[in-house]
Amino acid sequence: ASGMSCSPLLALLLSFCLITAPSLLLQAGDVERNPGPTKTQMQDLLTLDDLYDVLDQLHEVRAKWYDLGGSLKVRASTLDAIKVEHRNAPDVCLREMISHWLRQVTPRPCWNAVVVALCKPMVNEP
């Protein structure tokens with residue numbers, strides 16, 4: 001059962017490996033000598049321009065948008081306002097929460113933060 005508890009994380013990592021990593025490798029030039037995305041690339045700042053890429057990766061956990069937002073350090077008051085304004089509709093609430101998170105200055109929005117948030121028990125447990 002523990003192997004299944006992190007399935008959103010595994011989906012995100014698999015998607016990263018299949019979609020994002022190859023484009024980073026092509027940009028880097030020499031595929032044979034390049035081991036893949038670096039720790040720095042995982043920590044590169046995400047912006048509002050990345051909104052739909054992030055949403056595509058997090059679609060599977062949209063029902064846990066509130067907990068995910070908490071794990072991404074979005075303020076509870078902001079999450080509560082999103083919940084009320086959008087009547088807790090998962091797709092809309094996830095979009096608004098991610099949009100807010102991408103505009104935060106601290107902590108920095110990056111893929112590494114998403115991976116860490118997905119590993120939190122409150123996001124992973126059914």
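Partly exposed here means a relative accessible area between the two cut-offs, buried being under 20% and exposed over 50% (1.4 Å probe, protein chains only). We're looking at a predicted model, where local features need pLDDT of at least 70, side-chain atom pairs count only at pLDDT 80 or more, and totals for chains, interfaces and linings use all residues. Residues are numbered from 1 along each chain as its sequence is written, and side-chain values use heavy atoms, with hydrogens and water left out.

**View 1. Arg62 and Asp91 pair up in a salt bridge.** That term covers a side-chain nitrogen of Lys or Arg within 4 Å of a carboxyl oxygen of Asp or Glu. In this pair the closest N and O atoms sit 3.3 Å apart. Arg62 is in the loop between helix H3 (51-58) and helix H4 (65-71), while Asp91 belongs to helix H6 (residues 90-103), so the contact ties together parts 29 residues apart in sequence. Helices are DSSP runs (H or I, at least four residues), numbered from the N terminus. Asp91 comes out partly exposed at 47% relative accessibility, and Arg62 is partly exposed too, at 28%.

**View 2. Lys64 meets Asp67 in a salt bridge.** Their side chains come to 3.9 Å, N to O. Asp67 has a relative accessible area of 26%, which makes this residue partly exposed.

**View 3. Arg95 and Glu96 form a salt bridge.** Here the closest N and O atoms are 3.5 Å apart. Both ends are partly exposed: Arg95 has a relative accessible area of 30%, and Glu96 is at 27%.

**Overview. How many salt bridges turn up in the whole structure?** The search finds 3.

How values were computed
Helices (H or I, at least four residues) and strands (E, at least two) are DSSP runs, numbered from the N terminus.
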